[in-house]
Amino acid sequence: MSDAVAIMTSGGDAAGMNPAALCAAQHAERSGIKPYFIYEGLRGLIDGDIHEVTKERTRGLLYTGGTLLRSARSKRFFEEKYRHQAYENLRQRGINKLIVIGGDGSFRALNEFYNDFQVPFAGIPATIDNDIPGTEYCLGVDTCQNIIRTSIDSIRDTAVSFNRAFVIETMGRHCGYLAMTSALTSGAEICLVPEIDYDLDSIAERLRLEIEGGRKNLIAIVAEGVRMGDYLCNWINDSLKMDARLTVLGHIQRGGSPTVYDRMMAFKFAVAAVESLKAGYTNQIMTFKEGQIGMEPIEQVAGKKPVMPDLILDLCRPLAH
Ligand code: F6P
């Protein structure tokens with residue numbers, strides 16, 4: 001039987017998913033493996049929205065943000081009968097390999113599918129949250145960080161003009177990576193994230209001194225995971241007597257054309273994923289560690305906590321005190 005691979009995106013969309021899907025399809029084809037796209041993630045896998053890759057289907061994938069293969073959450077996949085339906089869809093088309101571009105929830109779902117039907121898969125980490133254990137980088141993070149940087153730079157302009165404080169909430173679910181890297185690279189005065197215990201009294205002490213010394217504006221970055229946006233805004237008004245506004249950046253952070261870095265990382269992960277399937281690996285997640293692309297079995301990744309780099313935590317601690 002000749003080999004065929006189906007490529008899908010799943011979970012929250014992230015810039016870099018499209019170039020990863022494109023490169024995986026091209027590299028598979030060059031390797032003699034027939035590529036298919038699955039549309040709308042697990043939903044498409046169940047409902048048979050699975051199509052041979054054509055030139056037409058790859059249009060725009062290199063430079064468009066989000067995922068043109070679209071994404072959907074599917075509770076049905078956790079029912080055996082729907083997983084069976086999904087397997088039949090693959091079997092009828094002769095598809096014997098899968099590549100999933102997404103987060104660890106999607107990887108776990110495909111691992112369950114592997115346990116049921118032994119369809120090997122390779123996972124490519126993609127989420128703006130950068131919270132997948134085992135890899136230092138997930139596709140979409142660089143593009144997202146640049147969107148946040150541009151937004152904070154704009155907000156600082158108005159903060160300076162109006163002698164105001166701005167509290168800016170970033171996404172990240174339970175992870176503070178986006179907030180911390182954005183606070184550091186934008187020169188924020190406060191950063192609150194789930195990974196670091198904060199102390200509002202010492203923040204007040206530090207900033208009161210700065211205000212006495214002439215500070216007239218400030219930027220505070222809060223990760224959505226600490227749920228402190230509104231509270232901190234009122235606190236700055238009351239405790240620091242500075243006019244404060246809250247900006248929740250929201251889904252703007254998920255869009256945007258992938259940066260060069262995200263496109264290059266997408267290519268590296270995609271080639272590695274195809275190569276892992278060619279080499280006969282069955283359920284590996286592609287990783288990036290200490291500058292090297294590698295892979296780890298899903299069992300090593302699932303259920304582990306993402307580890308934040310010590311350097312970032314150390315640099316951010318003073319912004320929470
Ligand atoms: O996981 C990506 C992410 O954007 C998180 O940062 C955020 O908490 C969540 O998805 C938002 O989900 P939704 O798009 O379903 O509102």
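This is a predicted model: local features need pLDDT of at least 70, side-chain atom pairs count only at pLDDT 80 or more; totals for chains, interfaces and linings use all residues.

A: The C-alpha centres of domain 1 and domain 2 are 35 Å apart. On the contact itself, domain 1 puts in 17 residues, while domain 2 supplies 13 residues. As for where the bounds fall, the domain assignment gives domain 1 as 3–140 + 258–304 and domain 2 as 141–254. An interface's size is often quoted as the accessible area lost when the parts come together. Here domain 1 and domain 2 bury about 1200 Å² between them, and 51% of that is on carbon and sulfur atoms.

Now for the helix pair. Two packed helices are described by the angle between their axes and the distance between those axes. For α8 (residues 200–212) and α9 (residues 229–239), the axes come within 12 Å and cross at roughly 45°. The crossing of α8 past α9 is right-handed. On the α8 side the contact uses L200, I203, A204 and R208, and α9 answers with Y231, L232, W235 and S239. Sorted by class, that α8 and α9 contact has six nonpolar residues, one polar and one charged.

Two backbone spots deserve a glance as well. Q118, in the loop between α5 (104–117) and β5 (121–125), has a positive phi near 55° despite not being glycine. N130 is in the loop between β5 and α6 (141–162), and its phi is also positive, near 50°, again in a residue other than glycine.

Conventions
Residues are numbered from 1 along each chain as its sequence is written. Side-chain values use heavy atoms; hydrogens and water are left out. Axes are lines fitted to C-alpha atoms, for helices over the stretch in contact, and angles run from 0 to 180 degrees between N-to-C directions. Helices (H or I, at least four residues) and strands (E, at least two) are DSSP runs, numbered from the N terminus. A crossing is left-handed if the near helix is turned anticlockwise from the far one by less than a right angle, and right-handed if clockwise. Contact means heavy atoms within 4.5 Å. Ala, Val, Leu, Ile, Met, Phe, Trp, Tyr, Cys and Pro count as nonpolar, Asp, Glu, Lys and Arg as charged, and the others, Gly among them, as polar. Domain bounds come from an automatic or database domain assignment. Buried area is the accessible area (1.4 Å probe) that two parts lose on being put together, summed over both.
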